[in-house]
Amino acid sequence: MSRPIDRRSDDRIEATGVEGRRSAIVASVRQRGFVTIEALAAQFGVTVQTIRRDLNELSAEGRLERYRGGGGLPSSVENIDYADRRVTLLPEKSRIGRLAASRIPSHCSVFINIGTTPEAVARELTRHDDLSIITNNLNVAISLAETTEFRIVVAGGTVRNRDGAVLGQLTCDTLSQFRVDVAVIGISGIDGDGALLDYDYEEVRATQTILAHARKTFLVADHTKFTRRPMVQVGRLEQVDTFFTDRPPPAEIVALMERQGVTLAVADNVAEP
């Protein structure tokens, strides 16, 4: 007589180790859309406290969304709160910012758009000389005004209270008046076909204006953006000169970059100064 299959036991075997379990949690959420903490604890034979820690870490990495009572698929229509993004992956963003800033020469003009990773680049520019900064990010403008003698131009428009972004038609009109040496842009997701994605249409319009008026474009984004799929397209990877990140991208993105001549710069592969 054959014994019944213990699927829970199989799951435990597959999910050996913390990363193995977390990868299996992500697979389960993708299959079902939403899974409760209790169901995951029973599935993997661990405590609800362990699952809560797993969900918090997976949410911080952008691999799923942490909801009250469980985990679900990342939203395609709403970004993580700015306050949470500011404290997520700080070492990785700092390394990205340091590497990108090292490729920007003194005595040039720089666009810097909205986002916590572009802000990390701005923090690393303070040792440069004679930069002209054009930005629609009030956090960047205030930080650099307090610590440097750079010429800083803030695009006009409507301030988004939650994160200091300046948006709207007036913003695009201001940005379009410039032709800048280097643009530093962040995005919220990268699709496997090279589409650069974000959540807010007004934010996307400003970034598209920046892309159209820069001689060279640096994309800065941490590894969590490889798994996020916001619904608004900013542009395409082939519009970027160098992509700065903290981990090697998925194979299909690497192959696409090689075909399109986009330079990959992985901060973890660079020795700290």
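**Questions about a predicted model**

Guide: In this predicted model, buried residues make up 51% of the 273 residues in the protein.

Visitor: What makes a residue of helix α8 count as buried, and which residues of α8 are buried?

Guide: A residue is called buried when its relative accessible area is under 20%, and in α8, which spans residues 138-147, V140, A141 and L144 are buried.

Visitor: How do you know where on the helix the buried residues of α8 lie?

Guide: Seen down the axis of α8, the buried residues fall within an arc of 95°, and therefore they line one face of the helix. An α-helix has 3.6 residues a turn, so residues three or four places apart point the same way. The buried residues of α8 pack against β4 (109-112), α7 (116-123), β5 (132-135) and β6 (151-154).

Visitor: Why are β10 and β13 said to stand at the edges of their sheet?

Guide: The open sheet has three strands in the order β10-β11-β13, with antiparallel pairing. Both β10 (189-190) and β13 (232-236) have a single partner strand, so one side of each is left without a neighbour in the sheet.

Visitor: How do you know that β10 pairs with β11?

Guide: Pairing needs at least two bridges, and two bridges join β10 to β11 (residues 195-198), so the strands count as paired. In this antiparallel pair, G189 stands opposite L197 in β11.

Methods. Residues numbered from 1 in each chain as written. Predicted model: local features only at pLDDT ≥ 70, side-chain atom pairs only at ≥ 80, totals over all residues. Heavy atoms only, no water. Buried < 20%, exposed > 50% of the residue type's maximum accessible area, 1.4 Å probe, protein only. Helix = DSSP H or I, 4+ residues; strand = E, 2+ residues; numbered from the N terminus. Arc of directions from axis to C-beta. Contact = heavy atoms within 4.5 Å.
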